[in-house]
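User: I am new to reading protein models, and I would like a close look at the salt bridges in this one. Could you take me through them slowly, and then show me what lies around them?

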Amino acid sequence: MGNGWHEWPLMIFTVFGQCVVGGFIVLAIALLRSEMTSTQRQRIITAMVGLWILMGLAFVASTLHLGSPLRAFNALNRIGHSALSNEIASGALFFAVGGVGWLLAMVKKMPPALLRVWLVVTALLGLVFVWMMGRVYDSIDTVPTWFSLWTPLGFFLTMLIAGPLLGYLLLRAVGFQVCAMRGLPMVTLVALIISLVAGLIQGNELAGISSSVQQAAALVPAYGTLMAWRVVLLLVALVMWIIPQLKNRQPAVPLLSLAFVLVLAGEMIARGIFYGLHMTVGMAIAG
């Protein structure tokens with residue numbers, strides 16, 4: 001029993017990876033705007049360095065979980081047959097295609113038409129990556145607390161909660177005026193509401209999952225308290241993001257940075273709960 005913090009490498013890998021995918025989609029949408037000048041486009045491409053730094057940290061964390069980078073290569077031997085292999089392969093493909101394309105764009109070796117194709121393909125690869133992350137866990141029928149719709153839903157909601165803020169922050173960091181993307185906080189707010197409802201439903205369902213030796217509801221005794229703290233952190237971050245816009249001002253980069261740290265903290269709490277709910281059973285009773 002606990003809060004799942006012993007799985008911190010996986011927490012970093014999944015949360016950071018989902019943040020990067022969401023952030024990339026935001027920057028891709030900004031780049032696909034036809035009225036943008038070449039100078040503006042190059043500034044947004046420069047901002048993408050933040051995404052690849054976070055993605056690199058995510059993969060470093062994943063190798064710490066595996067114990068050795070060589071094990072990651074061994075896991076690729078079962079692509080198409082193993083959910084873990086598919087996750088690593090899809091993540092590596094997203095990182096490689098995204099990173100190489102970004103380098104070409106940075107040195108201005110990518111034609112505008114190819115840039116658009118790269119943005120769309122990389123965004124789709126990111127979505128596949130998030131889906132494959134969920135499949136690693138929701139395909140394990142011997143872990144009833146993960147074997148449900150809530151697992152992939154939670155992963156995509158993290159992408160929608162943290163990704164818009166990350167993308168907005170990177171745009172502001174390079175001085176880009178993001179007035180046309182004022183609706184991004186609403187994406188995060190709607191995703192947070194859905195996540196809150198899902199968390200309440202899942203919390204109720206835990207009482208009906210048990211084995212001969214374990215009660216799912218007892219795996220994370222502080223489930224309600226931790227979820228409450230998560231919601232508080234995310235709401236505070238949203239307030240810091242939205243209030244300046246209500247006053248017709250662009251949120252300052254330091255303020256957005258603090259908001260993003262709060263969002264990361266909130267999503268790490270949720271992911272810690274997720275790993276804390278792990279229970280391996282031979283035969284579970286779900287009621």
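Analyst: In this predicted model, Arg135 forms a salt bridge with Asp138, and their closest N and O atoms are 3.0 Å apart. Both residues belong to helix H6 (residues 112-138), where, being 3 residues apart, they are separated by about one helical turn. This spacing can be read against a general rule: an α-helix has 3.6 residues a turn, so residues three or four places apart point the same way. Arg135 is partly exposed, because its relative accessible area is 33%, whereas Asp138 counts as buried at 10% relative accessibility, the cut-off for buried being under 20%.

The count by this rule comes to 2 salt bridges, and the other one joins Glu267 to Arg230, with the closest N and O atoms 2.8 Å apart. Here Glu267 lies in helix H10 (residues 253-276) and Arg230 in helix H9 (residues 223-246), so this pair ties together parts that are 37 residues apart in sequence. Glu267 counts as buried, since its relative accessibility is 1%, and Arg230 is likewise buried, with a relative accessible area of 3%.

From these charged pairs we can turn to the nonpolar residues. The largest nonpolar core has 87 residues, and those with the most contacts inside it are Phe24, Met48, Leu51, Trp52 and Leu171. Helix H1 (residues 8-31) gives the largest share of this core, 15 residues. Leaving aside residues up to four places away in sequence, Phe24 touches Met48, Leu51, Trp52, Trp118, Leu119, Thr122 and Ala123. As a general background, nonpolar side chains in soluble globular proteins tend to be buried together.

Some nonpolar residues are placed on the surface instead: Trp8, Val60 and Leu64 form a nonpolar patch there, with about 310 Å² of accessible area together. Leu64, which has its place in helix H3 (residues 49-66), counts as exposed because its relative accessibility is 51%, and the cut-off for exposed is over 50%.

Several residues of H5 are buried, among them Ser85, Asn86, Glu87, Phe94 and Trp102. H5 is followed by Lys108, whose phi is positive, near 60 degrees.

Methods: Residues numbered from 1 in each chain as written. Predicted model: local features only at pLDDT ≥ 70, side-chain atom pairs only at ≥ 80, totals over all residues. Heavy atoms only, no water. Buried < 20%, exposed > 50% of the residue type's maximum accessible area, 1.4 Å probe, protein only. Helix = DSSP H or I, 4+ residues; strand = E, 2+ residues; numbered from the N terminus. Patch = residues over 30% accessible without salt bridge, like charges linked within 9 Å, V, L, I, M, F, W, Y side chains within 5 Å. Areas by Shrake-Rupley, 256 points an atom, 1.4 Å probe, with all protein chains shown as cover. Salt bridge = Lys/Arg side-chain N within 4 Å of Asp/Glu carboxyl O. Core = buried A, V, L, I, M, F, W, Y, C linked by side-chain atoms within 4.5 Å. Contact = heavy atoms within 4.5 Å.
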